[in-house]
Amino acid sequence: MRCLMEINSARILVVDDVAACTAIIMKILKENSFKNVISASNGVDAISLCANSEFDLVLIGPGRSVLNSFETIGTIRDIPIPLFKKIPIIAMIKDEKDSKEEVLFAGATDVILKPIKKEDLVGILKKYLEKEPKED
């Protein structure tokens with residue numbers, strides 16, 4: 001986790017197979033000075049990136065091509081690197097009623113509803129990335 005002054009340097013992976021959704025999220029992150037953001041257009045690419053890189057948080061859409069979000073989240077959690085057992089994975093879902101329990105059961109940490117609102121996205125990033133500096 002990062003302290004308040006370093007939140008904008010957090011390494012974030014955005015996974016969505018809808019290019020327009022990815023573009024909106026990337027724009028919001030850029031406008032809020034997040035500098036280390038990488039995107040993947042499907043679950044297979046996301047899993048490959050996670051297996052070869054370290055991230056502080058993963059944002060993942062429902063996924064309709066190759067792997068769905070449940071499969072992708074489960075596979076990321078199963079990567080044999082301790083970081084991926086606890087990394088915040090935020091599932092971007094369309095309908096809280098239908099998907100929330102399923103993605104949380106699959107291993108997501110939290111959910112955010114689509115269409116993504118700037119204030120909701122920034123709020124959830126702060127919730128999982130901010131950490132008060134340790135006192136000596």
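A crossing of two helices is right-handed if the near helix is turned clockwise from the far one by less than a right angle. This is a predicted model, and here is how that wording and a few other terms apply to it.

Q: What is the handedness of the crossing of α2 and α3?
A: The crossing of α2 and α3 is right-handed. By the definition, the near helix is therefore turned clockwise from the far one.

Q: Which residues make the contact of α2 and α3?
A: On the α2 side they are Gly 43, Ala 46, Ile 47 and Cys 50, and on the α3 side Thr 72, Thr 75 and Ile 76. Sorted by class, the contact of α2 with α3 holds four nonpolar, three polar and no charged residues. Gly counts as polar in this scheme and Cys as nonpolar.

Q: What makes α1 roughly perpendicular to α6?
A: Helix α1 (residues 19–31) packs against helix α6 (residues 118–129) at an angle of about 65°, with the axes 10 Å apart. The range for roughly perpendicular is 65 to 115, so that is what α1 is called relative to α6. The crossing of α1 and α6 is right-handed.

Q: Which residues of α1 and α6 meet?
A: From α1 come Ile 25, Ile 28, Leu 29 and Glu 31, and they meet Lys 118, Leu 121, Val 122 and Leu 125 of α6. That contact has six nonpolar, no polar and two charged residues. Glu and Lys are in the charged class.

Q: What stands out about the phi of Ser 33?
A: The phi of Ser 33 is positive, about 65°, although Ser 33 is not a glycine. You'll find Ser 33 in the loop between α1 and β3 (36–40).

Q: How many cavities of 30 Å³ or more does a search of the whole structure find?
A: The search finds one. The largest cavity holds about 50 Å³ of space. Eleven residues line the largest cavity, with Val 15, Asn 42, Gly 43, Gly 63 and Leu 67 nearest its centre. By class, its lining has three nonpolar, six polar and two charged residues.

Conventions
Residues are numbered from 1 along each chain as its sequence is written. This is a predicted model: local features need pLDDT of at least 70, side-chain atom pairs count only at pLDDT 80 or more; totals for chains, interfaces and linings use all residues. Side-chain values use heavy atoms; hydrogens and water are left out. Helices (H or I, at least four residues) and strands (E, at least two) are DSSP runs, numbered from the N terminus. Contact means heavy atoms within 4.5 Å. On a 1 Å grid over the protein atoms alone, a cavity is a set of points where a 1.4 Å probe fits but cannot get out, and a pocket is an open set with protein on both sides within 12 Å along at least five of seven lines; lining residues have an atom within 4 Å of a point. Grid points are joined across faces, edges and corners, and a volume is the space filled by probe spheres set on the points. Axes are lines fitted to C-alpha atoms, for helices over the stretch in contact, and angles run from 0 to 180 degrees between N-to-C directions. Angles under 35 degrees count as roughly parallel, over 145 as roughly antiparallel, 65 to 115 as roughly perpendicular and the rest as oblique.
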